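I opened the model to look up a helix and its surroundings, a pair of helices, and the aromatic rings. My entries follow in the order in which I looked.

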Amino acid sequence: MDNIYITRKLPEEIVEPLRAKFDVHMWHSESIAMTYEEIKINAKGAHALWTMLSDNIDRALIESLSNLKVISNFAVGYNNIDVEAAKEHGIIVTNTPGVLTETTADLTFALLLATARRITEVEQEIRSGNWTSWSPMQYTGMDIFGATLGIVGMGRIGEAVARRAKGFDMNVLYHNRSRKLEAEETYGFTYAELDDLLKQSDFVILLTPLTPETKGLISERELNLMKNTATIINVARGGIVDEQALFNALTSKKIWAAGLDVFEQEPVPLDHPLLTLPNVTVLPHIGSASIRTRQAMMELNAKDIEAVLENREPQNRIV
């Protein structure tokens, strides 16, 4: 009987159908992540590995799991997995595209709104007892309606965010590896080179995957191109932004604010400099975190694992 190892505790109603067909082992905690060595030891002998985006599945780990047939990643992104090593060893890698598009777009726009209007900052002012009177320019933020939005990475989530922006009468610019001519015609989105997008946008949203080409894509030079009234929102991956350069741009008022759902190191250390700034709105990587969407993602992973172990083609194959 094929062996499945799951690196985080998942709801039993999701796992139970797999138990009926396979030998399933699962980490004991929902909140405590497995270490690299724990995965290496516990998953030894596994034919299928169900991973979280926080798991580092590198070449050495892949090569130590000699029975492995499939790695199913609980995320759309898969920069935590050495897919080339998996491919070399004939291991299928799957992810969870599609089902989280609208949920992540909702969260992206919520973070945009919260950052523009300083929602978390002013909430803390109330809770700390600092709101003692009303004054004309107190707690003022930036308007979203009618502003220019620049989206870097116009995939499915980017298009969903752009459609929401149209409801706020925003002018939408986008930068992508390829033009989205149909979306341009249907919704009035405008393609721009990255530098032009940064110069013109009031809000810049990062939605591009983390690849060798996009690592450090937004650094000191790019931040200096932005308006000093502009805001940057990152719901993609932390490594796309040079965090020290972002800290410097915010403290020197080169840009106005930032909203971050992702960091280069996650969970973000409590002594991280960006956490000291009132004009940074932070979230714990919850782009897809609605109950319905997370359950749908689990179901995709489970079905793909089952397919591979039964010698069928999985629906969401990366390699």
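Which backbone nitrogen does a side-chain oxygen of aspartate 242 reach at the start of H11? I found that the oxygen comes to within 3.1 Å of the backbone nitrogen of glutamine 244. I note that the model is predicted, that local features need pLDDT of at least 70 and side-chain atom pairs pLDDT 80 or more, and that totals for chains, interfaces and linings use all residues. Residues are numbered from 1 along each chain as its sequence is written, and side-chain values use heavy atoms, with hydrogens and water left out.

**Helix H11**

I took helices (H or I, at least four residues) and strands (E, at least two) as DSSP runs numbered from the N terminus. In H11, residues 243–251, I listed Glu243, Ala245, Leu246, Phe247, Ala249 and Leu250 as buried, where buried means under 20% relative accessible area, exposed over 50% and partly exposed in between, with a 1.4 Å probe and protein chains only. These buried residues pack against helix H10 (220–225) and the strands S10 (231–234), S11 (257–260) and S12 (280–282), contact meaning heavy atoms within 4.5 Å. After H11 comes lysine 253, and I noted its positive phi, near 60 degrees.

**Helices H1 and H12**

I then turned to H1 (residues 12–19) and H12 (residues 291–309), whose axes come within 10 Å and cross at roughly 10 degrees; the axes are lines fitted to C-alpha atoms over the stretch in contact, and angles run from 0 to 180 degrees between N-to-C directions. H1 and H12 are therefore roughly parallel, a term for angles under 35 degrees. On the H1 side I recorded Glu13, Ile14 and Leu18, and on the H12 side Gln295, Met298, Glu299, Ala302 and Glu306.

**Aromatic rings**

How many aromatic pairs does the structure hold? I counted three, with rings of Phe, Tyr and Trp (its six-membered ring) pairing if their centres lie within 6.5 Å, and planes under 30 degrees apart counting as stacked, over 60 as edge-to-face and the rest as tilted. Tyrosine 174 lies in strand S7 (residues 171–175) and tyrosine 191 in strand S8 (residues 190–191), 17 residues apart. Tyrosine 174 is buried at 1% relative accessibility, whereas tyrosine 191, at 22%, is partly exposed. Tyrosine 187 and phenylalanine 189 form a stacked pair, 5.2 Å centre to centre with 15 degrees between the planes; here tyrosine 187 is partly exposed at 35% and phenylalanine 189 is buried at 3%.

Note on methods. Angles under 35 degrees count as roughly parallel, over 145 as roughly antiparallel, 65 to 115 as roughly perpendicular and the rest as oblique. A polar contact is a pair of N or O atoms within 3.5 Å; within protein, one must be able to donate a hydrogen and the other to accept it, and residues adjacent in sequence count only if both atoms are side-chain atoms.
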